[in-house]
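This report covers one chain from its overall make-up down to single residues. Please keep the sequence and the model open side by side.

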Amino acid sequence: MQSEISPEDEAVLASPPEQAGGPNSPQQPQRAAESFQSKETFQSASQDAVDTAPDGKHASLTTPAVRGILKAQGVNIADVRGTGKDDRVLKEDVYKFVAARDDKLSKPFQASAGRRDPGTDQAQVEKTIALTPVQSQMFKTMTRSLNIPHFLYGDEVDVTSLSTLRRRLNLQAANGQKLSFLHFIIKAVSLALEDFPTLNARVEAGSERQAPKLVMREKHNIGIAMDTPQGLLVPNIKNVASRSILNIGAECNRLQERAKDGKLSVTDLTGGTITVSNIGSIGGTYVAPVLVQSEVAILGIGKAKTVPAFDDQDRVIKKDIMSFSWSADHRVVDGATMARMGERVRAFIEEPGMMMARLR
Ligand code: CAO
């Protein structure tokens, strides 16, 4: 999207191009190149782009969003050929420039890699690449999230009864819609939240003049961490308390489809109140999940495993167990509250009949 020339743009136009990314920009192109290989190689890669870049007065005009991308990618605006109105530099122009630069930089890397003897060559070879848009977002949000004092609470949950129930229900699924463990777990979390509403709240950190507050939220909008072709995304299922487990499954499938096609909407991705991250559908027993900034709790689920256990008459039986790892914001949630909430969810999962009894 293009914009008219703002006072900010005029200032950019008036200043020498190399200041556009800030005089102390940590991502000066040259520095990026030094972390990869020789200065000469980078300069020649960069020079190619410069050779084709226009020198019209409007070439250095662009929107704040594009300037942000330029800064993040360590690109000087004067090096980029603008294809917008009056040669203005658009987002696509910057991405094209970065792709060409990185491609050029990686060629000598690939060529020399072919010549190296892996048995004797001890020299490290590095290559600097830009973050994807989802990684850039994750970089910001996760850095902010880790300012929250987390604590971890973990437990092992017996999912034997739930496995049997799920298998039975899936065999009888009339419309072919299958239920996964996750769909039951999301419902169990919502049912437990009815008794622990603090865990559905968000923190308003306050300021020097305003005391911190908890903002209680009525609707359980449960986020699902999803591994998508673009990277980690966390859409949420709105108002889980009002949905059946089948309906949760259908909504989860809709979100997964949209995520796969890169079509999640802003509504899908905002307004979450607590998150469930099922790493177990990929693998791994334990995970220490990181809070979403506007939430105070997150549940990480590990892969179900069949293990030997003792029944009440000391006979060895088979059990399916899954690890549940909760992270919570220790500024507002204490360990006892988290443990009680975890126990409540465990009880619903271990005895699915109890969960059914609570359904409206
Ligand atoms: N243990 C064992 N099996 C599991 C399981 C678990 N914890 N979770 C799911 N499964 C099973 C499902 O029941 C299903 O089995 P069937 O084919 O027999 O029915 C199969 O694995 C495939 O499940 P799925 O992945 O299609 O569905 P899901 O609803 O369980 O999970 C989703 C959906 C989107 C959460 C998952 O695909 C995903 O992206 N997980 C990764 C989340 C992630 O990256 N978390 C880390 C965040 S922090 O970086």
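## Ground rules

A residue is called buried under 20% relative accessible area, exposed over 50%, and partly exposed in between, with a 1.4 Å probe and protein chains only. By that scale D87 is partly exposed, because its relative accessibility is 35%.

This is a predicted model, where local features need pLDDT of at least 70, side-chain atom pairs count only at pLDDT 80 or more, and totals for chains, interfaces and linings use all residues. Residues are numbered from 1 along each chain as its sequence is written, and side-chain values use heavy atoms, leaving out hydrogens and water.

## Overall make-up

The protein has 12 helices and 11 strands. These are DSSP runs numbered from the N terminus: helices are H or I with at least four residues, strands are E with at least two. The protein has 360 residues, and 38% of them are buried.

Contact means heavy atoms within 4.5 Å. Take the contacts with a separation of 6 or more: residues 24 or more positions apart account for 65% of them.

Axes here are lines fitted to C-alpha atoms, for helices over the stretch in contact, and angles run from 0 to 180 degrees between N-to-C directions. Angles under 35 degrees count as roughly parallel, over 145 as roughly antiparallel, 65 to 115 as roughly perpendicular, and the rest as oblique. A crossing is left-handed if the near helix is turned anticlockwise from the far one by less than a right angle, and right-handed if clockwise.

Start with α8 (residues 181-193) and α9 (residues 245-260): their axes come within 9 Å and cross at roughly 120°. That angle makes α8 oblique to α9. The crossing of α8 and α9 is right-handed. On the α8 side the contact uses L182, H183, F184, I186 and K187; α9 supplies I245, I248, G249, C252 and N253.

Now α8 and α11. Their axes lie 9 Å apart, at an angle of about 130°. Again α8 is oblique, this time to α11. The crossing of α8 past α11 is right-handed. From α8 come F184, I185, A188, V189, L191, A192 and L193. From α11 come M341, R344, V345, F348 and I349.

L162 sits in helix α7 (residues 160-171). Is L162 buried or exposed? L162 is buried, because its relative accessible area is 1%. Not counting residues up to four places away in sequence, L162 touches F181, F184, I349 and P352. The C-alpha atoms of L162 and F348 are separated by 9.5 Å, though the two residues are 186 apart along the chain.

N170 is also in helix α7. N170 is buried, with a relative accessible area of 14%. Its contacts, leaving aside neighbours within four places in sequence, are with Q177, K178 and L179.

S323 is in strand β11. At 3% relative accessibility, S323 is buried. Which residues does S323 touch, not counting residues up to four places away in sequence? They are D155, E156, T285, Y286, G300, I301 and G302. The C-alpha atoms of S323 and V157 are 6.0 Å apart, across 166 residues of chain.

A339 belongs to helix α11 (residues 335-350). A339 is partly exposed, because its relative accessible area is 21%. Between the C-alpha atoms of A339 and D155 the separation is 9.2 Å, with the residues 184 apart along the chain.

## Rings and charges

A charge sits over a ring if NZ of Lys or CZ of Arg is within 6 Å of the ring centre and within 35 degrees of the ring normal. R166 lies over the face of F181, at 4.6 Å from the ring centre.

## Positive phi

Most residues other than glycine have a negative phi. D87 has a positive phi, near 65°. D87 is in the loop between α4 (64-73) and α5 (91-115).

D314 also has a positive phi, near 60°. Its place is the loop between β10 (305-310) and β11 (316-329). D314 is exposed, because its relative accessible area is 60%.
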